[in-house]
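Hi,

Here is the structure I said I would pass on. Have a look at it first, and my notes follow below.

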Amino acid sequence: MRMFLILLPLLLISLSFQFHVTTSQVAVGGWYPIKNITDSDVQELGSYAVSEHNRQSGDNLEFHQVVSGETQVVGGVNYRLVIEAGDAEGNEGLFQAVVYERAWEGYRELTSFKQV
């Protein structure tokens, strides 16, 4: 029993420290890198972003590939993607698109698209 009374405070201190380290490393609503940028779902999101931008703006960009991206969980998922795209004249560029998705509802929305 005496050993238990000695170890209990040490255990509580250890757990408290572990909780502090774990919670301080994760920011709620923070952006996290997409680990597999070549994943077909990520590339499809990039293609959707370019198509939706073209529909809204009247531009005629052609999707090439997603080159980097991050995700943010917010009652759905925001995808912040850097997309390589070009036009019919051969002008290439990088664009940042944010797509909000609630996949379980089949809902997707382009919330921003700009050249970077």
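A term to start with: buried means under 20% relative accessible area, exposed means over 50%, and partly exposed is in between (1.4 Å probe, protein chains only). On that scale Val67 is partly exposed, because its relative accessible area is 34%.

Two housekeeping notes. This is a predicted model, so local features need pLDDT of at least 70 and side-chain atom pairs count only at pLDDT 80 or more, while totals for chains, interfaces and linings use all residues. Residues are numbered from 1 along each chain as its sequence is written, and side-chain values use heavy atoms, with hydrogens and water left out.

On confidence: pLDDT is the predictor's confidence in each residue, from 0 to 100. The mean for the protein is 85, and 76% of its residues reach 70 or more. Where pLDDT is low, the predicted coordinates should not be read in detail.

The overall layout: there are two helices and five strands, in the order α-β-α-β-β-β-β from the N terminus. Both kinds of element are DSSP runs numbered from the N terminus, helices being H or I with at least four residues and strands E with at least two. Of the 116 residues, 30% are buried. Among contacts between residues at least 6 apart in sequence, 40% join residues at least 24 apart.

Now the inside. A nonpolar core here is a set of buried Ala, Val, Leu, Ile, Met, Phe, Trp, Tyr and Cys residues joined through side-chain atoms within 4.5 Å. The largest one has 18 residues, and Leu81, Ile83, Leu110 and Phe113 have the most contacts inside it. Two or more residues each come from α2 (40–57), β3 (77–86), β4 and β5 (107–115), with α2 giving the largest share, five residues. Leu110 also touches residues such as Tyr48, Glu52 and Val98, leaving aside neighbours within four places in sequence.

Gly93 sits in strand β4 (residues 92–102) and is buried, at 13% relative accessible area.

Which salt bridges are worth a look? The structure holds five, each a side-chain nitrogen of Lys or Arg within 4 Å of a carboxyl oxygen of Asp or Glu. Arg108 pairs with Glu44, with the closest N and O atoms 2.9 Å apart. That pair links distant parts of the chain, strand β5 and helix α2, 64 residues apart. Arg108 also meets Glu101 in a salt bridge (2.9 Å, N to O), and shared partners join Glu44, Glu101 and Arg108 into one network. Arg108 is partly exposed at 28%, as is Glu44 at 39%, whereas Glu101 is buried at 13%.

Another salt bridge joins Glu52 and Arg55, at 2.5 Å between the closest N and O atoms. The two are three residues apart in helix α2, so about one helical turn separates them. Glu52 is buried at 13%, while Arg55 is exposed at 61%.

Finally, back to Val67, which lies in strand β2 (residues 62–73). Val67, Leu94 and Val116 form a nonpolar surface patch with about 230 Å² of accessible area together. Patches take residues with over 30% relative accessible area and no salt bridge, joining like charges within 9 Å and nonpolar side chains (Val, Leu, Ile, Met, Phe, Trp, Tyr) within 5 Å. Accessible areas come from the Shrake-Rupley method with a 1.4 Å probe, and for residues only the protein chains shown count as cover.

Cheers

Definitions and conventions
Contact means heavy atoms within 4.5 Å.
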